[in-house]
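Subject: Structure for you, with notes on its salt bridges

Hello,

Here is the structure I promised to pass on. Please open it first, then read the notes below.

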Amino acid sequence: MFQQVKEGNAAAFEVLYNRYSALVYSFALKACESKELAAEITQDVFVRLWTTTAVYRPELSQFPTWLLTIARGIYRDKLKSASKSAKVVTLYDTAEWEHGATSASQRTVTRNWFREDVYSVLLNMNRQEKLIIELAYFQGLTLSEIANQLEQPLGTVKTRLHRALKRLRKSMVEWEGGLEQ
């Protein structure tokens, strides 16, 4: 069906829209808790579906999962845009976000997305960098202890940690403001 949409078949697009728009809308509504923004995200997802040159690959995921991944990306783009421009409708009342008055589900969704993003960056690091991050931040070892455990010079450990943190920081730019605990 998606292939037919890519070929410009409006009837196939209508079928997909009727079948999946409620799913995308409810996902967006849970993420942002704004009916207007959820509707905008839903519209953007289906506009992207209509205009995309991307290829849906069923061996990688089910179609609804792929659509929700697109929705998630659009939501994150809107978060990033909202934080950069006062002219854009914000997703959250800033005072509420800073004072922890946002809903628990909203914070949970954001934290889960953050964890997924950190995890995906870690997966793409080389083995040594990932190991040093894990030892330093998840096991609490000092750099000297890591150097001893890995039988590497302290300078090498420091360089790898610095490189890994720089890569992580660069990949996590959109999370610049941190997260509500």
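How many salt bridges does the structure hold? There are two. Keep in mind that this is a predicted model.

Start with Glu129 and Arg163. Their side chains meet in a salt bridge, at 3.5 Å from N to O. Glu129 sits in helix α7, which covers residues 127-138, and Arg163 sits in helix α9, which covers residues 154-171.

Now look at Glu129 and Arg167. They form a salt bridge too, and its closest N and O atoms are 2.7 Å apart. This pair also links distant parts of the chain, with Glu129 in helix α7 and Arg167 in helix α9. Here the separation is 38 residues.

Glu129, Arg163 and Arg167 are linked in a network of salt bridges.

Next, check the surroundings. Is Glu129 buried or exposed? Its relative accessibility is 1%, so Glu129 counts as buried. Buried means under 20% relative accessible area. Arg163 has 39% relative accessibility and counts as partly exposed. Arg167 is partly exposed as well, with a relative accessible area of 32%.

Best wishes

Key:
Residues are numbered from 1 along each chain as its sequence is written. This is a predicted model: local features need pLDDT of at least 70, side-chain atom pairs count only at pLDDT 80 or more; totals for chains, interfaces and linings use all residues. Side-chain values use heavy atoms; hydrogens and water are left out. A salt bridge is a side-chain nitrogen of Lys or Arg within 4 Å of a carboxyl oxygen of Asp or Glu. Helices (H or I, at least four residues) and strands (E, at least two) are DSSP runs, numbered from the N terminus. Buried means under 20% relative accessible area, exposed over 50%, partly exposed in between (1.4 Å probe, protein chains only).
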